[in-house]
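Look at the structure below and keep the two chain letters in mind while reading.

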Amino acid sequence: MSDKVIYVMYDDDHILKDGAKKLVSNGVKIAEVFSPFPIHGIDPIIGIKNTRLGIMAFLYGLTGLTLATVGMRYFMIVDWPMNIGGKPNFSYLDNILAFVPISFEFTVLCAAHGMAITYLLVNKTLPGMPAQNPDPRTTDDKFVMEIRLSDNSNFTVETIESLLSDTGYFELDKKEIK
Amino acid sequence: MQKEAAIREPLILGHKTYHDITEDVCRPIEDKAPKMWYILFGIALIIGLYGVGCILYLLGTGVGVWGLNKTIGWAWDITNFVWWVGIGHAGTLISAVLLLLRQKWRMAINRSAEAMTIFAVFMAGLFPLIHMGRLWVGYWVLPLPNQFGSLWVNFNSPLLWDVFAISTYLSVSLVFWYIGLIPDFATIRDRAKKPLSKKMYSILSFGWSGRAKNWNRFELVSLVLAGLATPLVFSVHSIVSFDFATSVIPGWHTTIFPPYFVAGAVFSGFAMVQTLTLIMRKAMGLEAYIHTKHVEYMNIVIMVTGSIVGTAYITELFISWYSGVEYEAYAFLNRATGPYWWAYWSMMTCNVISPQLMWFRKLRRSLLFTFFISIVVNIGMWFERYVIIVTSIHRDYVPAAWSMHYPSHIDIGVYVGTIGLFFVFFLLFARFFPVLALNEVKTILKGSGQSYKESPDYHNHH
């Protein structure tokens, strides 16, 4: 399917944000924003939902805690109870204080790594992946808004351009995708 | 945008733009390395390789090549281990705790401090590994199913807690550091002209494109990692202190150890950050980003943690008398007046007196004085560990077994070698990695940059 894409480049994050607000209030859908650093407040404007990675981190942490508890109970209580200075080792609860440090560390280990791996996967940022930003300057000091015509069937390229004309953009680039 | 008091000193001096920040940070990576870099790298490499030689000799011969004896079974190597772990505390503290506390000044130093943390923990981890003597069975510290009659590691032992704490700390710090590095690698990738460096930074940047959704996730992941790393920082050195605190040796058996070790770790870590950044800012021309105000903030942290450490020393001394336990009292009397008095008093001078000088505004804003104190503090913190470890065990309950510890040249070689290796890593980092968190510094330009603060509409900005 062929599609027309408009890349509007700004040299300031606030100007881009104001421009995006104007476009969205006129009913234009913005497909993507590329920026060299997070633009605070852009997500609700272009309709990006907050990430749920925090929930994932909690679940990974819970998994870690469970694994640590089950593992230590098996090693120290069930499989090979050791007599260390005559301290009780009949049940996990008798010995729980000694297991606190590793339970904590393992929880953090699983939460942090689980979340980091998920983050890289959902971002599709993995070693060897090609860069997808439309212009190399978007990792330096330029901010680019991507508008796809297929998302905006009520508009023509010209009407979008006229809406953009007074948003103070730096450069405008059109591309045909086949 | 976050508002900041107009009278507060700007964090970014000069009239920088976003592009200037990119230029300033990327230039040292893209230009040819200065001659001084090669000289320093050469020296560090020679020292590091000497250390590797000593380690290989140790592994081939056995732990007997160290200056340990029947009474003193732990000395130089565990001192170095605790010293390096302590130094490794500043990076994650700066990037995690100060992130949660919304201290914007951390952004100038967090990247290099985290790098320092990781390299310091590498060096720290080396010591318990080589102390095993048989490095090739190092994996026995993990609870792996085995053929030795299902023999498990002892989960009641603080030494095993240490294995988990240090490896968690190292790997989580590494992940935290790398996640922040990815967008900055992308910046270098998009600027790179030479095909080789383009390829390298392309692989390192994982194809980062800076999409709005990516940044949304990035910010949350940074925040959650900071939340996880904050208790982790405190737990790691607490657990290191358990190695001593859970024993029954007078001088080690002390409940004050966990907070006191953590404060000491932050104290020495910040000192090392000062040593490194003071040189780095000059050598790489980053004076506009890491300036007197940053140094002053770090000196205040040094002063506060140094005072906590000083209070702990005195509390410890008081409690040893107040407890009425004569062995405990003797351990401390022996520290201060016994054959290791010089180590004790060097520790007291370096760690208790020197940070108090930071109460003077003139001194804590003096870069030369800060550099001097940062080295004094790290010498003092090395002595602290040496005093705690060696003086507590060199005179035990049987006077016939009393002994002294004299380091062998292998002891010294391994220690000096780790300092060399540390600088090898750090110099490589400074040469090839963005030493400033580009994407983070850019976010504070409008809140704390000099030209924005001086502009008339600063107060009207939303």
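The model is predicted.

Begin where the chains meet. Chain A contributes 56 residues to the contact, and chain B contributes 51 residues. On the side of chain B that touches chain A, at least two residues come from each of helix H1 (18–30), helix H6 (158–191), helix H7 (195–204), helix H8 (212–245) and helix H16 (438–448) of chain B. The most is given by H8(B), with 16 residues. Sorted by type, the residues on this side of chain B are 25 nonpolar, 18 polar and 8 charged.

Next comes the interior. In soluble globular proteins, nonpolar side chains tend to be buried together. Here the largest nonpolar core has 180 residues. Ala112(A), Met115(A), Val85(B), Val172(B) and Val441(B) have the most contacts inside this core. H6(B) gives the most to the core, with 18 residues. From chain A, domain 1 (3–49 + 137–177) and domain 2 (53–123) each supply at least three residues to the core.

Val172(B) can be followed one residue at a time. Setting aside neighbours within four places in sequence, Val172(B) is in contact with Val108(A), Leu109(A) and Ala112(A), and also with Leu228(B), Ala229(B) and Leu232(B).

Last, consider helix H9 (residues 257–283) of chain B. Its 27 residues reach 39 Å from the first C-alpha to the last, close to the 39 Å expected at 1.5 Å a residue. H9(B) is mostly covered, with 21 of its 27 residues buried. Just after H9(B), Gly285(B) has a positive phi of about 65°.

Technical notes. Residues are numbered from 1 along each chain as its sequence is written. Chains are lettered from A and ligands numbered from 1 in the order in which they are written. This is a predicted model: local features need pLDDT of at least 70, side-chain atom pairs count only at pLDDT 80 or more; totals for chains, interfaces and linings use all residues. Two residues are in contact if their C-beta atoms, placed from the backbone, lie within 7 Å. Helices (H or I, at least four residues) and strands (E, at least two) are DSSP runs, numbered from the N terminus. Ala, Val, Leu, Ile, Met, Phe, Trp, Tyr, Cys and Pro count as nonpolar, Asp, Glu, Lys and Arg as charged, and the others, Gly among them, as polar. The expected span of a helix is 1.5 Å times one less than its number of residues. A residue is buried if 20 or more other C-beta atoms lie within 10 Å of its own, exposed if 12 or fewer, and partly exposed in between; C-beta atoms are placed from the backbone. A nonpolar core is a set of buried Ala, Val, Leu, Ile, Met, Phe, Trp, Tyr and Cys residues joined through C-beta atoms within 7 Å. Domain bounds come from an automatic or database domain assignment.
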